[in-house]
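Hi there,

Here is the structure I promised to pass on to you. Have a look at it first, and then read on for what turned up.

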Amino acid sequence: MRQPFIAGNWKMHKTNQEAVDMVEELVDLVEGIDDVDIAICAPATALAPLNEVIADTNIALGAEDMHWKEEGAYTGEISPLMLKDVGCEYVILGHSERRGYFGETDKDVNKKVQTALKHDLKPIICVGESLAQREAGETKDIVKEQVLAALDGVTKNDLEVITVAYEPIWAIGTGKSATTEEANEVIKYIRDVMRNEFGKVADEIRIQYGGSVKPHNISEFMATSDIDGALVGSASLKAQSFADIVKFE
Ligand code: PGA
């Protein structure tokens with residue numbers, strides 16, 4: 001049984017005060033929920049204060065990115081050791097905004113995945129096609145390439161802590177989500193790709209859908225055969241809407 005996993009991705013939003021206020025409200029709203037894993041992935045500046053707010057709650061902390069080296073001359077970057085130090089359990093890797101705006105490649109994502117695993121950070125690996133790629137019928141080829149490249153060199157044991165997030169780029173922040181059928185079809189395919197590569201451990205891996213997930217559409221996604229949760233952008237910024245998504249049933 002794959003436990004549902006709902007993660008918020010705040011992107012470049014919230015000062016520390018705003019972050020703390022939101023999560024304090026969220027803690028009360030989701031108190032006692034133990035059949036859904038909940039995480040907030042926040043900007044690096046907010047991680048340390050949030051770590052105090054989420055202590056002894058059912059909310060886990062995640063980062064939005066990290067560098068693949070433990071330390072070094074990489075001005076502006078954040079290392080896995082720093083993320084561990086402020087209580088992160090998860091780290092989003094390969095988000096399409098990192099790939100698109102900052103030139104992150106599949107190889108970079110793979111290096112980050114390897115380092116995250118080495119330091120007991122659980123990667124949430126994002127994959128997804130652009131609108132042009134979907135229209136050209138390339139969706140499956142693209143996600144297969146991204147998934148296999150990100151997982152290159154990963155062992156079956158390590159795979160268990162990984163989450164994959166299928167996020168079609170055209171659905172992110174646009175208000176236009178994929179249909180449940182479209183999303184489930186690609187997610188099922190991603191699981192097949194992982195099963196071919198790693199065997200039946202693929203059936204334990206959680207695969208989220210991301211892209212304009214809202215309180216009103218989450219239950220449709222969660223009712224499908226293969227979608228195990230959501231990576232939520234704008235609807236994760238308010239405690240009430242994120243809590244409504246967490247309580248999707
Ligand atoms: P959105 O973002 O929910 O605002 O579409 C999702 C994401 O980028 O993870």
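This is a predicted model: local features need pLDDT of at least 70, side-chain atom pairs count only at pLDDT 80 or more; totals for chains, interfaces and linings use all residues.

Helix α4, residues 96-102, supplies the largest share of the lining of the largest pocket, with 4 residues. The space in the largest pocket comes to about 560 Å³. Its lining is made up of 21 residues, and those closest to the centre are Lys11, Met12, Glu64, Asp65 and Arg98. Sorted by class, the lining of the largest pocket holds 11 nonpolar, 4 polar and 6 charged residues.

Next, the ligand. Around the ligand there are 13 residues, the closest being Lys11, His95, Glu167, Gly173 and Ser212. By class, the shell around the ligand has 4 nonpolar, 7 polar and 2 charged residues.

Which residues have an N or O atom beside an oxygen atom of the ligand? Lys11 has a side-chain N or O atom 2.7 Å from a ligand oxygen. Ser212 uses a backbone N or O atom, which lies 2.8 Å from an oxygen atom of the ligand. For Asn9, a polar side-chain atom lies 3.5 Å from an oxygen atom of the ligand. The ligand on its own would expose 290 Å², and 98% of that is buried by the protein.

Finally, the overall build. The protein chain has 11 helices and 8 strands. Its radius of gyration is 17 Å, close to the 18 Å that the globule rule gives for 249 residues, so the chain is as compact as a globular protein of that length. Along the principal axes, the C-alpha atoms fill a box of roughly 45 × 45 × 35 Å.

Enjoy exploring!

Notes. Residues are numbered from 1 along each chain as its sequence is written. Side-chain values use heavy atoms; hydrogens and water are left out. On a 1 Å grid over the protein atoms alone, a cavity is a set of points where a 1.4 Å probe fits but cannot get out, and a pocket is an open set with protein on both sides within 12 Å along at least five of seven lines; lining residues have an atom within 4 Å of a point. Grid points are joined across faces, edges and corners, and a volume is the space filled by probe spheres set on the points. Helices (H or I, at least four residues) and strands (E, at least two) are DSSP runs, numbered from the N terminus. Ala, Val, Leu, Ile, Met, Phe, Trp, Tyr, Cys and Pro count as nonpolar, Asp, Glu, Lys and Arg as charged, and the others, Gly among them, as polar. A residue is near a molecule or strand if one of its heavy atoms lies within 4 Å of it. A polar contact is a pair of N or O atoms within 3.5 Å; within protein, one must be able to donate a hydrogen and the other to accept it, and residues adjacent in sequence count only if both atoms are side-chain atoms. Accessible areas come from the Shrake-Rupley method with a 1.4 Å probe; for residues, only the protein chains shown count as cover. The radius of gyration is taken over C-alpha atoms; the globule rule is 2.2 Å times the number of residues to the power 0.38.
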